[in-house]
Amino acid sequence: MFGLLESGFGLFYWGNALMIVIGLVFIYLAISKDMEPLLLIPIGFGMMLVNLPLGGIMDYEMVLRAPQAGTVMEMQMEEGASFSKGGVICKLDSGEIVTPVFGRVDTLKISKGQHINKGDVVGKLITMEQTDQSVLPTRPIGLLSRIFKYGVMWQMLPPLMFLCLGALTDFGPMLANPKTLLLGAAAQFGVYLAFFMALLAGFTFPEAASIGIIGGAEGPTTIYVTSLLAPHIIGATAVACYSYMALVPIILPPVVYLLTTKKERQIYMKPSLRKVSKLEKIIFPLVTTIIVILIVPSSAPLIGCFMVGNLFRESGVTERLNKTSQTTLVDIITIFLTLAIGASMPAQNFLRSSTLLILVLGVVAFASAAGAGVLLAKFMNLFLKEKINPMIGAAGVSAVPMSARVVQVLGQKENRQNFLLMHAMGPNVAGAIGAAIAGGVFLGILH
Amino acid sequence: MEISAPLPGNVLEILVKVGDEVKENDELLIIEAMKMENPIFASADGTVKEIKVKEKDTVDAEQVLIVLE
């Protein structure tokens with residue numbers, strides 16, 4: 001304006017500083033501790049970018065209309081002013097016009113003394129908040145807000161990510177021992193427990209469902225469900241999900257030790273898994289798609305993509321598509337998805353008490369998902385002639401293949417000759433399917 | 001006595017050579033599976049008689065890796 005460059009310092013507050021520090025910690029953990037670098041570097045950088053005021057990278061434009069008729073008695077804000085949610089823009093003789101989001105004023109179309117009708121344009125606001133588009137429609141005007149809107153909110157990137165995961169997933173260990181499917185299903189208990197606890201904590205149904213799905217330990221599923229049900233908390237649920245996946249080696253062992261005896265942890269499992277034929281591996285994605293989508297139609301985008309990716313892998317004739325999905329495509333989608341998720345965390349959005357509560361409920365979801373898998377494995381042992389090591393149930397908490405690796409390490413601690421990795425991969429990949437179905441169930445009921 | 005692969009994967013590193021004396025639970029070789037290094041341990045004391053795989057070989061579960069005497 002008037003040729004003067006407005007710097008960001010005026011709008012910078014302690015919250016931005018704190019978020020930038022958190023972003024830098026993510027980047028530090030990725031680089032020096034090798035913790036999920038492919039996720040934490042772009043997420044951390046996105047967090048940093050969005051907390052530098054006036055960068056505009058995550059901005060949405062919103063036309064504010066008068067909620068009621070009246071005469072403007074006094075203007076409380078001018079163009080360029082920044083405000084938090086609920087800030088008073090002007091006083092009318094019939095009440096006040098308040099801001100429905102946080103952000104700043106771009107232009108104002110009303111002035112003191114003017115009479116306005118209900119629905120008249122009050123002005124244009126700029127916000128970084130994810131709003132419910134049916135109530136408060138916004139238009140993305142920044143680089144990452146556009147990627148976020150058309151990639152995440154339009155449900156493009158998470159299902160495509162699922163396609164790549166399908167190409168990366170070998171269902172062999174699960175098909176070799178289909179009992180393990182049950183363990184992956186049991187782990188979804190964590191999703192529903194966290195859902196009910198979130199309801200008790202005062203979250204709305206759609207918010208509680210988005211929080212519960214963190215227990216599915218599946219990044220794209222969590223993002224997908226939250227984007228449809230409760231986009232305003234997407235930063236918190238995505239961060240909870242991704243960081244707990246990185247923390248699986250810390251979360252899982254105490255749960256396993258609490259629920260198993262030393263004798264159970266020492267149960268030896270024979271190395272040989274049944275040989276799974278190529279035909280079985282081809283039929284599995286086809287049959288699963290048909291059955292699951294007929295039962296839970298709203299899981300179609302996730303399960304459909306997951307299974308077509310898996311068919312690329314197993315068909316034997318689409319090696320090019322398989323290779324692209326496993327390498328180039330998954331990298332491209334990861335870049336867009338994680339940068340956009342990082343950028344969904346401006347301080348005003350993220351630094352709320354509800355975020356802390358979401359993080360706590362997320363741990364509960366993860367731990368109880370693992371616990372449910374372990375308990376079902378113990379229950380199954382009451383009937384099985386050839387006992388399974390109940391620790392593999394903990395791998396039902398998806399987070400492929402991290403949780404299976406943790407089970408392998410725990411198993412070898414008890415008995416050096418015991419290799420549970422492949423046995424744990426069964427519940428592990430079953431958990432990924434289970435999470436997508438659990439997400440579909442929530443969407444079917446709530447969306 | 002035969003030491004066989006407890007899981008399918010790739011032989012990352014062989015830590016013993018023919019003629020070596022090994023004790024129970026000594027590391028013999030490392031198999032990489034699911035991007036994880038899995039050390040394979042001797043199941044009893046003995047002498048390495050034969051090594052049936054090379055580094056970078058792909059192995060199946062239950063494939064014989066090393067023969068101990």
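This is a predicted model: local features need pLDDT of at least 70, side-chain atom pairs count only at pLDDT 80 or more; totals for chains, interfaces and linings use all residues.
Residues are numbered from 1 along each chain as its sequence is written, chains are lettered from A in the order in which they are written, and side-chain values use heavy atoms, with hydrogens and water left out.

- Strand β8 covers residues 121-127 of chain A; strands here are DSSP runs of E with at least two residues, helices are runs of H or I with at least four, and both are numbered from the N terminus.
- Five of the seven residues of β8(A) are buried, so the strand is largely enclosed by the rest of the structure. Buried means under 20% relative accessible area with a 1.4 Å probe, protein chains only.
- Strand β1 (residues 60-65) of chain A runs antiparallel to β8(A), joined by six bridges; strands pair if DSSP finds at least two bridges between them.
- Strand β6 (residues 103-108) of chain A is also antiparallel to β8(A), with four bridges.

**Around A:Ser299**

- A:Ser299 sits in the loop between α13 (278-295) and α14 (300-314) of chain A.
- With a relative accessible area of 1%, A:Ser299 is buried.
- Its side chain reaches the backbone oxygen of A:Val296 at 2.7 Å.
- Leaving aside residues up to four places away in sequence, A:Ser299 touches A:Val292, A:Gly304, A:Ala436, A:Ile437 and A:Gly440.

**Where chain B meets chain A**

- In this interface, 18 residues of chain B are in contact with 14 residues of chain A, contact being heavy atoms within 4.5 Å.
- The two chains bury about 1,400 Å² between them, 67% of it on carbon and sulfur atoms. Buried area is the accessible area (1.4 Å probe) that two parts lose on being put together, summed over both.
- On the chain B side, B:Met34, B:Met36 and B:Phe41 lose the most area to chain A, together 41% of what that side buries.
- The rule finds one salt bridge across the interface: a side-chain nitrogen of Lys or Arg within 4 Å of a carboxyl oxygen of Asp or Glu.
- A:Lys275 and B:Asp60 meet in a salt bridge through their side chains, at 3.9 Å from N to O.
- Strand β5 (residues 36-41) of chain B gives the most to the side of chain B that touches chain A, with five residues.

Note on methods
Buried means under 20% relative accessible area, exposed over 50%, partly exposed in between (1.4 Å probe, protein chains only). A polar contact is a pair of N or O atoms within 3.5 Å; within protein, one must be able to donate a hydrogen and the other to accept it, and residues adjacent in sequence count only if both atoms are side-chain atoms.
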